[in-house]
Amino acid sequence: QVQLVESGGGLAQAGGSLRLSCAASGRTFSRNAMGWFRQAPGKEREFVAAIDWNVVRTYYADSVKGRFTISGDTAKNMVNLQMNSLKPEDTAVYYCAASGRIFTEAFVTRNVEYDYWGQGTQVTVSS
């Protein structure tokens, strides 16, 4: 059984930092994409960042580019999201996601392409 478990959410002030981690178990994702999505109240789930281990490339939403950094360790089956210069609009539940297959770059930002999801971790940024 595949499980993704997030940790590291919490409360931060605007301009502060938080680091999210996601540990995967049940299978390896060493050649797949793993990413982070977020969902704020009343809004749709949106792409934040992803790393495609097949081509070792990272992707970011425009809204977080330059502030967030995704990294990971295929040996540990983990992916992290370092969030700096946080803004109140970053407040959301953050979900870790992993793809069960290798896919092209066009699919990286599409949440429907990911097969496995964590339970989510709340990030709240106060102004």
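1. Buried means under 20% relative accessible area, exposed over 50%, and partly exposed in between, with a 1.4 Å probe and protein chains only. At 7% relative accessibility, F103 therefore counts as buried. The model is predicted, so local features need pLDDT of at least 70 and side-chain atom pairs count only at pLDDT 80 or more, whereas totals for chains, interfaces and linings use all residues. Residues are numbered from 1 along each chain as its sequence is written, and side-chain values use heavy atoms, with hydrogens and water left out.

2. The disulfide. The structure holds 1 disulfide (a pair of cysteine sulfur atoms within 2.5 Å). C22 is joined to C96, with an S to S distance of 2.1 Å. This pair links distant parts of the chain, with C22 in strand β3 and C96 in strand β9 (residues 92-98), 74 residues apart. Strands here are DSSP runs (E, at least two residues), and helices are runs of H or I with at least four residues, numbered from the N terminus. The torsion about the S-S bond of C22 and C96 is about -80°, so the disulfide is left-handed. Both cysteines, C22 and C96, are buried.

3. S21 and N80. S21 has its place in strand β3 (residues 18-25), and N80 in strand β8 (residues 78-83). Their side chains are joined by a polar contact of 2.9 Å. A polar contact is a pair of N or O atoms within 3.5 Å; within protein, one must be able to donate a hydrogen and the other to accept it, and residues adjacent in sequence count only if both atoms are side-chain atoms. S21 is buried, with a relative accessible area of 16%, and N80 counts as buried at 11% relative accessibility.

4. Surroundings of that pair. Contact means heavy atoms within 4.5 Å. Leaving aside neighbours within four places in sequence, S21 is in contact with V5, E6, S7, W36, M78, V79 and N80.

5. Aromatic pairs. A search of the whole structure finds 7 aromatic pairs. Rings of Phe, Tyr and Trp (its six-membered ring) pair if their centres lie within 6.5 Å; planes under 30 degrees apart count as stacked, over 60 as edge-to-face and the rest as tilted. F37 and F47 form an edge-to-face pair, 5.6 Å centre to centre with 70° between the planes. F37 lies in strand β4 (residues 33-39) and F47 in strand β5 (residues 46-52), 10 residues apart. Both F37 and F47 are buried. The rings of F103 and F107 have their centres 6.1 Å apart and their planes at 90°, so this pair is edge-to-face. F107 is partly exposed, with a relative accessible area of 25%. One aromatic cluster is formed by F37, F47, F103, F107, Y114 and W117.

6. R45 over two rings. The charged end of R45 sits over the ring of Y95, 3.8 Å from its centre. The charged end of R45 also sits over the ring of W117, 4.8 Å from its centre. The criterion is NZ of Lys or CZ of Arg within 6 Å of the ring centre and within 35 degrees of the ring normal.

7. Salt bridges around D90. The structure holds 7 salt bridges, a salt bridge being a side-chain nitrogen of Lys or Arg within 4 Å of a carboxyl oxygen of Asp or Glu. D90 forms a salt bridge with R38, the closest N and O atoms being 2.9 Å apart. D90 lies in the loop between β8 and β9 and R38 in strand β4, so the pair ties together parts that are 52 residues apart in sequence. D90 and R38 are buried. R67 forms a salt bridge with D90, with the closest N and O atoms 2.8 Å apart. R67 lies in the loop between β6 and β7 (68-73), 23 residues from D90. Salt bridges that share partners join R38, E46, R67 and D90 into one network.

8. E105 and R57. The side chains of E105 and R57 meet in a salt bridge (2.9 Å, N to O). E105 lies in the loop between β9 and β10 (116-117) and R57 in strand β6 (residues 57-60), so the pair ties together parts that are 48 residues apart in sequence. E105 is partly exposed, with a relative accessible area of 47%, and R57 counts as partly exposed at 40%.
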